[in-house]
Amino acid sequence: NNSLQEHINLVKSAVSQGQRYLFILGDNNIIPTCVWENMASDRESDSDVSSDLPFATLDTDSPFNGKIFNFDNFLYVGRLPTAVIMNYMENIAAYKMPSSISSFALSAMVWTMETMDLYANVRNDSDIVHGPEMETSPLFELGQELSCIPSNTNLLLFNLHGSNQTEFWYGQEESNYPEAMSHDSFNHLTEPYFLAVEACYGARYENLPVSQSILLSALNGKCLSFLGSSRIAFGRPMPEGCCADVICGEHLVNLLHGMRAGQAFNLARKKLMEDSSPE
């Protein structure tokens with residue numbers, strides 16, 4: 001029941017002893033997230049933004065206030081929801097680094113060019129990465145996972161739509177938005193895997209059962225690292241993307257370079273801010 005600032009102060013004391021990694025165990029009702037007013041856009045539905053960024057910066061000041069961050073001093077932070085702790089810990093204990101990577105990517109058809117560019121960067125970054133060509137939805141629809149996603153896949157990229165009302169991720173072609181992924185879409189995967197998703201609300205889990213959250217279901221299965229947004233996620237349809245495009249692409253490439261997930265995410269954020277800085 002401690003306040004966010006009290007938790008930050010506890011982390012600061014650990015940092016003074018040289019700790020750089022922080023893995024938060026528990027939902028928001030156990031370890032609170034920081035909630036800021038959403039000042040990114042007055043056209044979106046999200047009135048606020050929820051984030052664990054203050055655990056990385058050790059500062060609760062809103063990034064919307066023009067804060068200049070030193071990414072080199074960030075902690076590497078992740079959070080594991082309460083509902084999946086036991087299964088996840090068993091997967092971590094049994095994990096061994098694979099000698100090859102089997103990848104998969106799925107994009108809404110309207111974002112084909114940008115996602116193909118991202119996926120090519122990931123696949124071409126290492127000679128141990130292989131897997132099928134990128135799928136697009138609506139050609140790919142819910143129910144085709146068993147036939148299209150190999151059971152040994154261990155690196156996944158999704159550029160789809162999400163919803164703050166349903167669990168599903170959706171494809172798109174013009175006005176057609178078919179369901180593409182659900183909470184049981186990864187149940188057939190047999191290897192531990194790492195996943196990045198650009199869908200708005202793709203990482204919703206607070207106050208939801210496992211059967212209504214793709215994030216919870218994935219972490220309750222074989223997923224070891226899940227990167228996504230619990231709010232609106234921004235990107236663009238053309239190559240050399242922005243925002244979520246950069247974060248997801250850089251994160252996966254960093255993982256392929258052998259970084260831990262928290263460090264890979266932090267360097268992806270740093271890359272995004274470098275690309276966004278005025279020259």
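User: Is cysteine 243 buried, exposed or partly exposed?
Analyst: Cysteine 243 has a relative accessibility of 31%. This is a predicted model, where local features need pLDDT of at least 70, side-chain atom pairs need 80 or more, and totals for chains, interfaces and linings use all residues. Residues are numbered from 1 along each chain as its sequence is written, and side-chain values use heavy atoms, without hydrogens or water. Buried means under 20% relative accessible area, exposed over 50%, and partly exposed in between (1.4 Å probe, protein chains only), so cysteine 243 counts as partly exposed.

User: Where in the chain is cysteine 243 found?
Analyst: Helices (H or I, at least four residues) and strands (E, at least two) are DSSP runs numbered from the N terminus. Cysteine 243 has a positive phi of about 50 degrees, although it is not a glycine. Its place is the loop between S12 and H7.

User: What is the relative accessibility of glutamate 240?
Analyst: Glutamate 240 is found in the loop between strand S12 (223–227) and H7. Its phi is near 60 degrees, a positive value in a residue other than glycine. It counts as exposed because its relative accessibility is 59%.

User: How much space lies in the second largest pocket?
Analyst: On a 1 Å grid over the protein atoms alone, a pocket is an open set of points with protein on both sides within 12 Å along at least five of seven lines, while a cavity is a set where a 1.4 Å probe fits but cannot get out; lining residues have an atom within 4 Å of a point. The second largest pocket is lined by 19 residues, with Leu118, Glu240, Val246, Glu250 and Asp275 nearest its centre. Points are joined across faces, edges and corners, and a volume is the space filled by probe spheres set on them. For this pocket, the volume is about 340 Å³.

User: How many charged residues are in the lining of the second largest pocket?
Analyst: Helices H4 (112–124), H7 (244–256) and H8 (261–276) each supply at least two lining residues. Ala, Val, Leu, Ile, Met, Phe, Trp, Tyr, Cys and Pro count as nonpolar, Asp, Glu, Lys and Arg as charged, and the others, Gly among them, as polar. The lining has 7 nonpolar and 4 polar residues, and the charged ones number 8.

User: Which residue is the bridge partner of tyrosine 21?
Analyst: Two strands pair if DSSP finds at least two bridges between them. Strand S1 (residues 21–25) pairs with S4 in the parallel sense over 5 bridges. In S4, the partner of tyrosine 21 is tyrosine 76.

User: Which residues does serine 62 contact, apart from neighbours within four places in sequence?
Analyst: Serine 62 is in the loop between helix H2 (53–57) and strand S4 (76–80), and it is buried. Contact means heavy atoms within 4.5 Å. With those neighbours left aside, serine 62 contacts Trp36 and Lys67.
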